[in-house]
Amino acid sequence: MARRTPLRKSAGKEQAPAQVGAARAAPRVTATAAKDALHQHVAEYAEIALVLQGGGALGAYQGGIYEALDAAAVRIDRVAGISIGSINAALIAGNPPAQRVKALREFWHRVTRQPLLPPSPWEWFEDALEWPAPLREWQGHIEGLRAIMEGQRGFFHPRQDLLQSPHFTSFYDTAPLRATLESLVDFKLLNNGPVRISVAAVNVQSGNFEIFDSAEQTLGPEHIMASGALPPGFPPVQVGDQFYWDGGLVSNTPLMQVLGGHPKRHTLVFQVDLWNAQGALPRDLAQVLSRQKDIQFSSRTRAATDLLQRAHEQRHILRELLTRIPPGKRDALCDQVAEMARDERYNVVHMIYRDKPMDGQEKDYQFGRRAMLRHWAAGRADTRATLAHVDWFALPDAEHPFRTHDLHRGG
């Protein structure tokens with residue numbers, strides 16, 4: 001029987017907040033004062049959303065982020081996800097607050113073991129033994145190869161009929177994922193609980209990008225699986241009479257699911273990306289493959305937030321113009337403009353997974369336990385560092401109603 005090791009806070013080598021990425025040092029204040037100030041700022045928002053990008057095995061980073069948010073008592077009202085982000089979102093929305101971190105840990109422990117053969121030798125040691133850098137790189141290659149050959153427990157396994165028929169639409173069967181979701185997610189709570197969830201997928205036949213939202217329809221395991229059905233590895237998933245693939249084929253970041261349309265309330269968004277759009281020039285073919293994925297699946301957040309910022313500034317101008325029209329002179333069109341120009345403000349706090357020296361081109365399907373622990377610890381450390389910048393969480397003012405902050409860009 002494979003040894004099960006709890007996910008410890010000491011797992012991985014966490015960096016102190018001032019050491020994470022290129023972040024500038026947070027202001028020096030007492031822990032109690034900082035926590036109180038953070039909660040005062042957070043209380044000003046009507047909705048707090050967690051936006052989770054797709055990225056396969058890198059999704060453990062999102063688990064560490066939620067753990068740190070939960071430890072800081074930051075409430076989450078809405079989760080939006082794509083691919084692995086949709087699975088993490090379901091684990092959050094489909095469990096009561098006290099059980100969410102436990103459910104996330106259980107999922108990541110379960111899927112970081114192969115279904116057949118024992119764990120690789122170095123997985124037994126976890127953090128008790130730190131291997132030299134070249135060996136760590138080869139560990140990643142081997143764990144990625146094992147995922148390809150064996151699959152991952154509770155997630156996917158190679159199709160049994162793969163060599164028996166020339167007609168197949170995927171290399172793997174994701175039936176184990178359905179069983180895992182049904183065991184770890186309370187779908188009644190997911191659909192009727194306090195956390196709204198939305199996940200995205202692509203209709204295979206129409207090519208349309210579609211959003212499944214618990215505020216508009218009843219979601220089941222099939223909706224979550226559809227959002228993560230990345231071809232040709234995974235088969236399309238049937239929802240109703242239609243078939244769907246991974247939403248990341250069209251857009252890998254569900255930010256617009258939360259911010260699209262006219263604003264209705266003050267909103268704080270934690271956007272978690274697993275792919276970094278910026279990177280070094282590749283020097284070999286493996287780096288080319290890794291960099292290709294970064295560019296392909298990274299978000300275009302800066303362009304989207306710039307557009308939304310301009311839209312919010314235009315709404316501010318419209319509000320100013322309306323004040324110059326006497327109430328008795330206003331007509332139905334003015335009422336429509338007033339509704340569109342409501343004074344609601346958005347604050348987007350951006351966190352991006354940064355590649356580690358041992359990450360290779362297989363980083364999104366390298367589900368080894370040691371890699372998972374490092375990703376989780378990185379998410380926890382980045383979140384703690386982000387929360388230390390208490391001033392970032394202040395409600396934007398009416399003249400500048402849309403703000404963005406990025407830990408690794410210093411603000």
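## Exercises on a predicted model

**Exercise 1.** Describe the hairpin that S5 and S6 form, and its turn.

Solution. In this predicted model, strands S5 and S6 make a hairpin, with five residues between them. In the turn, Gly-207 has a positive phi of about 80 degrees. Next, take the pairing: S5 covers residues 196-203 and S6 covers residues 209-213, and the two run antiparallel, joined by five bridges. Finally, pick out a bridge: Ser-198 has Asp-213 in S6 as its partner.

**Exercise 2.** Find the volume of the largest pocket, and state what lines this pocket.

Solution. The volume is about 780 Å³. The lining has 35 residues, and Leu-230, Gly-233, Phe-234, Asp-364 and Tyr-365 are the closest to the pocket centre. Sorted by class, the lining of the largest pocket holds 21 nonpolar, eleven polar and three charged residues. Now turn to the helices: H3 (84-93), H6 (133-150), H9 (221-227) and H11 (285-297) each supply at least two lining residues. H11 provides the largest share, three residues.

**Exercise 3.** Identify the residues with the most contacts inside the largest nonpolar core, then list the contacts of Leu-50.

Solution. The largest nonpolar core has 72 residues, and Leu-50, Ile-197 and Phe-270 have the most contacts inside it. Helix H3 gives the most to this core, seven residues. Setting aside neighbours within four places in sequence, Leu-50 is in contact with Tyr-66, Leu-69, Ile-76, Arg-78, Val-79, Ala-80, Ile-92, Phe-270 and Val-272. Another core, of eleven residues, lies apart from the largest one; among its members are Ala-49, Leu-259, Leu-308 and Phe-402.

Conventions: Residues numbered from 1 in each chain as written. Predicted model: local features only at pLDDT ≥ 70, side-chain atom pairs only at ≥ 80, totals over all residues. Heavy atoms only, no water. Pairing = 2+ DSSP bridges. Helix = DSSP H or I, 4+ residues; strand = E, 2+ residues; numbered from the N terminus. 1 Å grid on protein atoms, 1.4 Å probe; cavity = no way out; pocket = protein on both sides within 12 Å on 5 of 7 lines; lining within 4 Å. Points joined across faces, edges and corners; volume = space filled by probe spheres on them. Nonpolar A, V, L, I, M, F, W, Y, C, P; charged D, E, K, R; others polar. Core = buried A, V, L, I, M, F, W, Y, C linked by side-chain atoms within 4.5 Å. Buried < 20%, exposed > 50% of the residue type's maximum accessible area, 1.4 Å probe, protein only. Contact = heavy atoms within 4.5 Å.
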